[in-house]
Amino acid sequence: MKILVCIKQVPDMESKFRIAADGRWYDQGDLVFRMNEYDEYAVEQAVRLKEQVGGADLTVLSIGSERVKETMKKALAMGCDRGVHVADDTVAGKDPMTIAGIIAEYAKAQNFSCIFTGMQSQDRGSGQVGVLLAEMLGLPAVTTIVDFTYDGSLFSVKRELEGGTRAKVAVQSPAVFTCQLGLNTPRYPTLPNIMKAKKKELGSIPVDQLQKTAILQETERLYFPEKKSGGLILEGDAADLADRLIGILKEKTAVLA
Amino acid sequence: MKVLLVAEYREGKLLGNINELLGFAGTLAAEAAVFLVGKKESLPKFTGKLYLADVEKYREYNPDGHKALLLQAVEKEQPDLIVFSHSSYGWDLAPRLAFTLKTCQISEVVAVEGESFVVPACNAKLRRQVKSLSPKTVLTLQVGAFQASETGGEPTVIDIDAEAAPRISFSGYEAAAKGGVDLTKASVIVSAGRGIGKPENIAMIAGLAAALKGEYGASRPVVDAEWVEHNRQVGTTGQSVAPKLYVACGISGAIQHLAGMKKSEFIVAINTDRDAPIGEVADVLVVADLKQFVPVLTEKLKAL
């Protein structure tokens, strides 16, 4: 069985963001980058499927600058067999249709039986790439999965819906799944596996070889939202803060009455 | 401008989110038609065309079938915008349509800015203004971002049918684990987020909740880590609450969490990060390390 997992490198969301000089994206300097959180679940599920079926071959793919290889190495250390890096220094300006098109162009001749992606990225959050990729490859896609089993012929999964309800869904191979938080518990790479990962294949393909389409949307502006008008910010030492907060609660709410 | 709004039907009921889509169409002063795979007995209340397919035949979850039906409605209606809720139904179906129509999709719209749309970025810390470059545009709207329409009315039903062999088989629903805690009845809720750091600190949050005579809740990461049971989760996939006082401890404020608590009467956030998106809805943001601040606050409340 050939398995593909697609991952994205994103800034740690606790980072202090600054707007880039062109006003359209965040400044990439001074940020700590990591694997998109949703993709960690995708990698873990892909590795588990590989371990279950035996003899499977698991490829991890990512698009971006040379820097994203660091994140790909984590996926390799988690258990992916090989990395395909699509070298693209201008990935941030590309829309979901373009990104999916690049992946589809790579994947179309590979006959993957199962493809995993995160359900969305933490920075852009469009939640489209996995489904678009499936459509481009003519495969069924199931989104937002929180449970995954494979019985040798059928994938049985659960989709997470509002209010915590789950929809029970089954689909034949080949198929695409987009992974929701809580699907599994992603493993931490062990030191021996980190060492082993250094020897795994991690080749780069220039994006020009794979990108066939033009973008359909354009980011005009990235900016910080307004804080709630009249929202108060309190700073100081703990005892003083507590007194001030209690004063506010007495004045503005009835909960201390 | 013409818009086609996609209504949802789940577990035998029309979902209320169609009213937000109608409200959105109202703000654009657009001519609105609605698409629904549902039942004649339970239709959205508006005046306009309703493209209706029978849910008995097409099931509640059947993306191949629903896409084929929706394409028919688009063909007949020729809308400028095709609008979904950013829901488990909407984000699943919208890209399938966008692909087939070779159209731009803009996800999780929170506002309209001229001809462009505003969406959240970076876990809602930032906003992104996006312009569509395709003739038609598919949108998903963030739940709660647009005021629900209450204009009412009777739609004109146009029945639609389409052939599509479903590749995905859907065998029903599994209810969320139910527990004894009904957070919707609590007048004070103190919630723990990832910022509490370790499961041992749940007791501290529960202690503050007790001092305020309330219940404690949690955000999704804390529930996913199994530090707190799911029946205490606040947010889209947990409970939606609107207590008199909501205290968010170490919660950054992901959209899914905000959607479940932003109607609270008074919101206090305790966070070390001044830029955390929870600040957008907080009446008071206490910039502090909750591990130091919460015990002090709890003691002072007990002494009142």
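In this predicted model, helix 2 of chain A, spanning residues 68–78, is mostly covered, with eight of its eleven residues buried. The buried set consists of Val68(A), Thr71(A), Met72(A), Lys74(A), Ala75(A), Leu76(A), Ala77(A) and Met78(A). Just past the end of helix 2 of chain A comes Gly79(A), whose phi is positive, at about 135°.

Strand 4 of chain A has a parallel pairing with strand 1 of chain A (residues 2–7), made over six bridges. Within that pairing, Cys6(A) stands opposite Leu61(A) of strand 4. Strand 4 of chain A also pairs with strand 5 of chain A (residues 82–87), again in the parallel sense and over six bridges. Here Ser62(A) has His85(A) in strand 5 of chain A as its bridge partner.

Attention now turns to a pair of helices. Two packed helices are described by the angle between their axes and the distance between the axes. For helix 3 (residues 96–107) and helix 4 (residues 129–137) of chain A, the angle is about 45° and the axes lie 8 Å apart. That angle makes helix 3 of chain A oblique to helix 4 of chain A. The crossing of helix 3 and helix 4 of chain A is right-handed. On the side of helix 3 of chain A, the contact is made by Pro96(A), Met97(A), Ile99(A), Ala100(A), Gly101(A), Ile103(A), Ala104(A) and Ala107(A). Helix 4 of chain A contributes Val129(A), Leu132(A), Leu133(A), Met136(A) and Leu137(A). Sorted by class, the contact between these helices has twelve nonpolar residues, one polar residue and no charged residues.

Elsewhere in chain A, strand 8 (residues 154–160) and strand 9 (residues 166–172) run antiparallel and are joined by seven bridges. The two strands form a hairpin with five residues between them, and Gly163(A) in the turn has a positive phi of about 75°.

Six strands form an open sheet in the order 13(A)-18(B)-17(B)-16(B)-14(B)-15(B), with parallel pairing. From one strand to the next, the twist averages 20°. The link between the chains is the parallel pairing of strand 13 of chain A with strand 18 of chain B (residues 284–287), over three bridges. There, Leu234(A) stands opposite Val286(B).

Helices of chain B pack on this sheet. Helix 5 of chain B (residues 202–211) touches strand 14 (188–192), strand 15 and strand 16 (245–249) of chain B, and its direction makes about 165° with that of strand 14 of chain B. Helix 8 of chain B (residues 290–302) lies across strand 16, strand 17 (266–271) and strand 18 of chain B, running at about 135° to strand 17 of chain B.

Terms used
Residues are numbered from 1 along each chain as its sequence is written. Chains are lettered from A and ligands numbered from 1 in the order in which they are written. This is a predicted model: local features need pLDDT of at least 70, side-chain atom pairs count only at pLDDT 80 or more; totals for chains, interfaces and linings use all residues. Axes are lines fitted to C-alpha atoms, for helices over the stretch in contact, and angles run from 0 to 180 degrees between N-to-C directions. Helices (H or I, at least four residues) and strands (E, at least two) are DSSP runs, numbered from the N terminus. Angles under 35 degrees count as roughly parallel, over 145 as roughly antiparallel, 65 to 115 as roughly perpendicular and the rest as oblique. A crossing is left-handed if the near helix is turned anticlockwise from the far one by less than a right angle, and right-handed if clockwise. Two residues are in contact if their C-beta atoms, placed from the backbone, lie within 7 Å. Ala, Val, Leu, Ile, Met, Phe, Trp, Tyr, Cys and Pro count as nonpolar, Asp, Glu, Lys and Arg as charged, and the others, Gly among them, as polar. Two strands pair if DSSP finds at least two bridges between them. A residue is buried if 20 or more other C-beta atoms lie within 10 Å of its own, exposed if 12 or fewer, and partly exposed in between; C-beta atoms are placed from the backbone.
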